[in-house]
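I open this notebook to record what I looked up in one chain. The entries follow the order in which I consulted the structure.

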Amino acid sequence: MGIEIRKVGVIGAGQMGNGIAHVCALGGYDVALNDISLDRIQSGLATINGNLTRQVNRGLISDQERVTALGRIKSAENLDALADCDIVIEAATENEQIKRKIFAQICPLLKPTALLATNTSSISITRLAASTDRPEKFVGVHFMNPVPLMQLVELVRGIATDDPTFDACKQFVARLGKISTVAEDFPAFIVNRILLPMINEAIYTLYEGVGSVDSIDTAMRLGANHPMGPLQLADFIGLDTCLSIMQVLYEGLADSKYRPCPLLVKYVEAGWLGRKTQRGFYDYRGEKPVPTR
């Protein structure tokens, strides 16, 4: 018999975590949502309600489906509340040491049959799995941002991930209405291996004075038919996340073409992380975003 997933634990109620909880609840799963404080969990739940309401207004779901989905998500202030979950998905910040600390805390609490997944967008699944007590039941389940809108999920198995775990995760993703693609366990997998160097090159183009923020984004929107410019996209992702992924690529592949642009480093050091801090390559504090360079 295959592995049955009925209850999902999500660690992290931020942009990615609340999106994962959202789609899991809509997919019919009971969800336990955890973060480091009750305020963060409540903020995540408010975001989920707002996003579900937008789906109702667009005719994508009914209001009853919204109410039912919200009823499936429970606040989990302590990791103990995830003890009966069939799968726990870690969706914390893109920092390996933070993720390892979470796994060290959660593993002793989980039932032996529970699967453990990470939403990392770049870090080695094999290495993260080796820090747990269940590497054969550990898998990368990389959702795209924003989770409720994006169809793709990258599935990444570590060297020890067994077939029942991987098969269960493929079925889980399908039940969420998502399409999975299988990526090998190389730094940044498929999407970010291609996307982030493009964004980093756009930042170099700005850094070297080839074009302004507006001209670079306009050129790529109209010249390459991208839905948003690379600098606008970087702000949306979070410049700290972009830098983390580029550092993983640079260190993991030992190739100078992945060196993070010094301007990206400077913005992160300044705390200009994009939309979440109201400043990045655009200033979002007014009625309209204004380029900062």
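**Entry 1**

Buried means under 20% relative accessible area, exposed over 50%, and partly exposed in between (1.4 Å probe, protein chains only). Helices (H or I, at least four residues) and strands (E, at least two) are DSSP runs, numbered from the N terminus.

I then listed the neighbours of F172: leaving out residues up to four places away in sequence, F172 touches I5, V8, C24, Y29 and I89. Contact here means heavy atoms within 4.5 Å.

**Entry 2. Basis of the values**

I record that the model is predicted, that local features need pLDDT of at least 70, that side-chain atom pairs count only at pLDDT 80 or more, and that totals for chains, interfaces and linings use all residues. Residues are numbered from 1 along each chain as its sequence is written, and side-chain values use heavy atoms, with hydrogens and water left out.

**Entry 3. The chain as a whole**

I counted eleven helices and ten strands in the secondary structure of the chain. The C-alpha atoms fill a box of roughly 60 × 45 × 35 Å along the principal axes. I compared the radius of gyration with the globule rule: a compact globule of 293 residues would have a value near 19 Å, and the chain agrees because it has 19 Å. The radius is taken over C-alpha atoms, and the rule is 2.2 Å times the number of residues to the power 0.38.

Buried residues make up 47% of the 293 residues. Among contacts between residues at least 6 apart in sequence, 65% join residues at least 24 apart. I noted an accessible surface of about 13800 Å², of which 52% belongs to carbon and sulfur atoms. Accessible areas come from the Shrake-Rupley method with a 1.4 Å probe; for residues, only the protein chains shown count as cover.

I also looked up the charges: the mean positions of the 30 positive and 32 negative charges are 3 Å apart. Lys and Arg count as positive and Asp and Glu as negative, while His and the chain ends are not counted. The place of a charge is NZ of Lys, CZ of Arg, CG of Asp or CD of Glu.

**Entry 4. Backbone in the loops**

I found a cis peptide bond from N145 to P146, with omega near 0°. P146 lies in the loop between β6 (138–143) and β7 (152–157).

Is F189 buried or exposed? F189 counts as buried because its relative accessibility is 6%. Its phi is near 60°, a positive value in a residue other than glycine, and F189 sits in the loop between β8 (179–183) and α7 (191–207).

N225 likewise is not a glycine and has a positive phi of about 60°. N225 is placed in the loop between α8 (213–223) and α9 (230–237). With a relative accessible area of 67%, N225 is exposed.

**Entry 5. Single residues and their surroundings**

I located N34 in strand β2 (residues 30–34), where N34 is buried at 6% relative accessibility. N34 and A76 are 42 residues apart in sequence, yet 4.7 Å apart in space, C-alpha to C-alpha. Beyond four places in sequence, the contacts of N34 include V10, I11, G12, A76 and L82.

L263, in helix α11 (residues 262–269), is buried with a relative accessible area of 2%. Its C-alpha lies 7.0 Å from that of I203, across 60 residues of sequence. Neighbours within four places aside, L263 is in contact with I203, L206, Y207, F281 and R293.

L128 belongs to helix α5 (residues 125–130) and counts as buried at 0% relative accessibility. Which residues are in contact with L128, leaving aside its neighbours within four places in sequence? They are E96, K99, R100, F103, T118, T120, I123 and F138.

I98 lies in helix α4 (residues 96–106) and is partly exposed, with a relative accessible area of 36%. Not counting residues up to four places away in sequence, I98 touches A92 and T93.
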